[in-house]
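Trainee: I have a model open and want to read its features one by one. Where do we begin?

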Amino acid sequence: MGKVNTKVTLCGIELDNPVVPASGTFGYGYEFAELYDINCLGTFSFKGTTKDPRFGNPTPRIAECTAGMINAVGLQNPGVERVISEELPKLAKCFHKPVMANVSGFSVKDYAYTCEKLDKEAQVGWLEVNVSCPNVHGGGMSFGTSPEAAAEVTRAVKKVTTKPVIIKLSPNVTDIVSIAKACEEAGADGISLINTMLGMRIDLRTRKPVIANKMGGFSGSAIFPVAVRMVYQVAHAVKIPVVGMGGVSTAEDVIEMMLAGATAVEVGAANLVNPYACRDIVADLPRVMEKYRIESLSDIIGGVQ
């Protein structure tokens, strides 16, 4: 085989490869830029940003599990104004590609406000609108568990933005397909899934939940089969691109996600275990492509019927 082609196109923007660090696991990029040149990535999704600053949930916020972890950070971030004035200029110095802006909110108005602001930033390529955070009371996931609410957020954001809007869905629902279709009908340019599942651990000594929040988002390689199944279901039901994630930790996982229907693939918990995870996956893709006789990654998207 000759040289392999790792390029893919996500909502009209070309990526050098489909590997994208997931929101909340990569900060605003520059922390990782001290470890390696992050321009080797397709892009990355920066930390979930809300209209106002948020301190996050009480600690402890992290619990270990077999083949995964539970987190309940609670969207800790400095708020959109400071992200624009402080974080993005720092990011621009070390990352020279369009970045994915991840947005959360507690009302439809919040989502629209934050997206409208970030849409005007030159470096923002896509808006990844998170209607699926399981760790925040009264926000995020409450919008992602009903088709009507998810569609309402989608419409409100599309009204005030010019850039592609990718809606990030929660797996903590009975019918993921109806929610994805509602977002597509409301004008979404892409669907991103899955966010963390809802999990819990109990300390046998204290007989209390390990996490102060009681429950949190369960992520890591244990959820990969659930993620592949949901990406497959959604990709076959909508005509817009799907960004797949959930337990991805190897180049093989990326290819499996793409066969299920993902155009790009986000890597989350793996970054917290190994800060070089995404760099290593990008470097390993050509080897795995040659092994499975794949010349161009864009040819295999949704290759499984």
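Mentor: Begin with contact, which means heavy atoms within 4.5 Å. This is a predicted model, where local features need pLDDT of at least 70, side-chain atom pairs count only at pLDDT 80 or more, and totals for chains, interfaces and linings use all residues. Residues are numbered from 1 along each chain as its sequence is written, and side-chain values use heavy atoms, with hydrogens and water left out.

Trainee: Which residues does Gln 123 touch, not counting residues up to four places away in sequence?

Mentor: Gln 123 touches Leu 88, Leu 91, Ala 92, Phe 95, His 96, Lys 97, Pro 98 and Val 99. Gln 123 lies in the loop between α3 (108–119) and β7 (124–130). Helices (H or I, at least four residues) and strands (E, at least two) are DSSP runs, numbered from the N terminus.

Trainee: Is Gln 123 buried or exposed?

Mentor: Buried means under 20% relative accessible area, exposed over 50%, partly exposed in between (1.4 Å probe, protein chains only). Gln 123 has 16%, so the residue is buried.

Trainee: Which backbone oxygens does the side chain of Gln 123 reach?

Mentor: A polar contact is a pair of N or O atoms within 3.5 Å; within protein, one must be able to donate a hydrogen and the other to accept it, and residues adjacent in sequence count only if both atoms are side-chain atoms. Here the side chain of Gln 123 reaches the backbone oxygen of Phe 95 at 2.6 Å and that of Lys 97 at 3.1 Å.

Trainee: Where is Ser 107?

Mentor: Ser 107 sits in the loop between β6 (99–103) and α3. Its relative accessibility is 24%, so Ser 107 counts as partly exposed. A polar atom of the Ser 107 side chain lies 3.0 Å from the backbone nitrogen of Asp 110. Ser 107 and Val 153 are 46 residues apart in sequence, yet 8.5 Å apart in space, C-alpha to C-alpha.

Trainee: Which residues touch the most other members of the largest nonpolar core?

Mentor: In soluble globular proteins, nonpolar side chains tend to be buried together. A nonpolar core is a set of buried Ala, Val, Leu, Ile, Met, Phe, Trp, Tyr and Cys residues joined through side-chain atoms within 4.5 Å. The largest one has 93 residues, and Phe 46, Val 129, Leu 169 and Leu 193 touch the most other members. A second, separate core of five residues includes Ala 63, Ile 70, Ala 72 and Ile 211.
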